[in-house]
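Open the model in your viewer and keep the selection tool ready.

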Amino acid sequence: MGEITNVSEYQALAKEKLPKMVYDYYASGAEDQWTLAENRNAFSRILFRPRILIDVSKIDMATTVLGFKISMPIMIAPTAMQKMAHPEGEYATARAASAAGTIMTLSSWATSSVEEVASTGPGIRFFQLYVYKDRNVVAQLVRRAERAGFKAIALTVDTPRLGRREADIKNRFVLPPGLTLKNFEGLDLGKMDQANDSGLASYVAGQIDRTLSWKDVKWLQSITSMPILVKGVLTAEDARIAVQNGAAGIIVSNHGARQLDYVPSTIMALEEVVKGAQGRVPVFLDGGVRRGTDVFKALALGAAGIFIGRPVVFSLAVDGEAGIRKTLQMLRDEFELTMALSGCRSLSEITRNHIVTDWDAPRALPVPASRL
């Protein structure tokens, strides 16, 4: 295999190892997959303006998220059905996140329950929530997450219907035998039926509430004391409304380019959302982060931290918990190096002036006009 030296290398290895239906489910995006490629490509249109001759012998990457201290601004995004990737699934992810001193977000559609994940030991964990038509199911799940020690809800708001993922339609995607959506097992919602298209798309059509609106964000606040992060915001308008409705934070996300194709990459939408939030709540980003340089670029554009999704499932598939640990360590090391070479010793020193983008106004040279 040769030594793995960067996060992206896990994907090809995961493709070799996983059944086609499973790999395609994790890897694919919506329709033409334009946004899927753009989530990555957009990062390459942002360049650095490194500052030199600064003492970078000590680099501090620590930060706080909703008051919780973590070792670095790199966290784990919710990804569904992780036992398809590896028998230990979400247990391995939880242990790797805890070992790295960072936050794991557990998917509603996990193949391990909130209680099972809590049983792996201490750690700061968030719970990603899909709102089902049956609100008693939602209330029960939120209560269980809170009891299991989860610290925040990441409310997914970009999925009133499932995006069109053509690989899943071709493969007639369904949960492999022996696996269930563990959080819903006792509620008779844990099984996914074989369908003529994607079994998941049919499940969503049957169970997930298309009427979801801002009033439901208020309702959620009334049933839990956990802070609510609104996940799936791409515009300044919705950032403002999220703040008005009491969101504790915003996650700029296009659902890994799996919902509406031809939305911008998240790194391109980030600055607009940050401006819309007006500093009143933290803004996070997921989508396309594969390098420490990507993390730095997101922070320079105003993100308080980032979440990784696919890199977690691909490294989990290849090497279980150790794979995820290595993914987090490589990103951490690359990010630390990027900070050092940019002249930043702490996250607060990373500024908009450390990057340059295509859409920046040309910089006026600080030279007297008479000398030009």
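A pocket here is found on a 1 Å grid over the protein atoms alone: it is an open set of points where a 1.4 Å probe fits, with protein on both sides within 12 Å along at least five of seven lines, and its lining residues have an atom within 4 Å of a point. Grid points are joined across faces, edges and corners, and the volume is the space filled by probe spheres set on the points. The model is predicted, so local features need pLDDT of at least 70 and side-chain atom pairs count only at pLDDT 80 or more, while totals for chains, interfaces and linings use all residues. Residues are numbered from 1 along each chain as its sequence is written, and side-chain values use heavy atoms, with hydrogens and water left out.

**Stop 1: the largest pocket**

Select Thr79, His255, Gly256, Arg258 and Arg310. Of the 35 residues that line the largest pocket, these lie nearest its centre. The volume of this pocket is about 570 Å³.

Next, colour the helices and strands, which are DSSP runs numbered from the N terminus (helices are H or I with at least four residues, strands E with at least two). Which of them supply at least two residues each to this lining? They include α2 (20-27), α3 (34-41), β11 (305-308) and α13 (310-342). The most comes from α3, with five residues.

**Stop 2**

Move to Val157, Asp158, Leu212, Trp214 and Asp238, which lie nearest the centre of the second largest pocket among its 14 lining residues. This pocket holds about 270 Å³ of space. Both α9 (214-223) and β8 (228-233) supply at least two lining residues, and β8 gives the most, with three. By class, the lining has eight nonpolar, three polar and three charged residues.

**Stop 3: salt bridges**

The whole structure has 18 salt bridges, each a side-chain nitrogen of Lys or Arg within 4 Å of a carboxyl oxygen of Asp or Glu.

Select Glu321 and Arg95, whose side chains meet in a salt bridge at 3.1 Å, N to O. Glu321 is in helix α13 and Arg95 in helix α4 (residues 89-100), so the pair ties together parts that are 226 residues apart in sequence.

Is Glu321 buried or exposed? Its relative accessibility is 18%, so Glu321 counts as buried; the cut-offs are under 20% relative accessible area for buried, over 50% for exposed and partly exposed in between (1.4 Å probe, protein chains only). Arg95 is partly exposed at 28%.

Now select Lys326 and Glu3, a salt bridge of 3.6 Å, N to O. Lys326 is in helix α13 and Glu3 in the segment before α1 (9-17), 323 residues apart. Lys326 is partly exposed at 27%, whereas Glu3 is exposed at 67%.

**Stop 4: helix α2**

Return to α2, whose buried residues are Met21, Val22, Tyr23, Asp24, Tyr25, Tyr26 and Ala27. Seven of the eight residues of α2 are buried, so this helix is largely enclosed by the rest of the structure.

Definitions and conventions:
Nonpolar A, V, L, I, M, F, W, Y, C, P; charged D, E, K, R; others polar.
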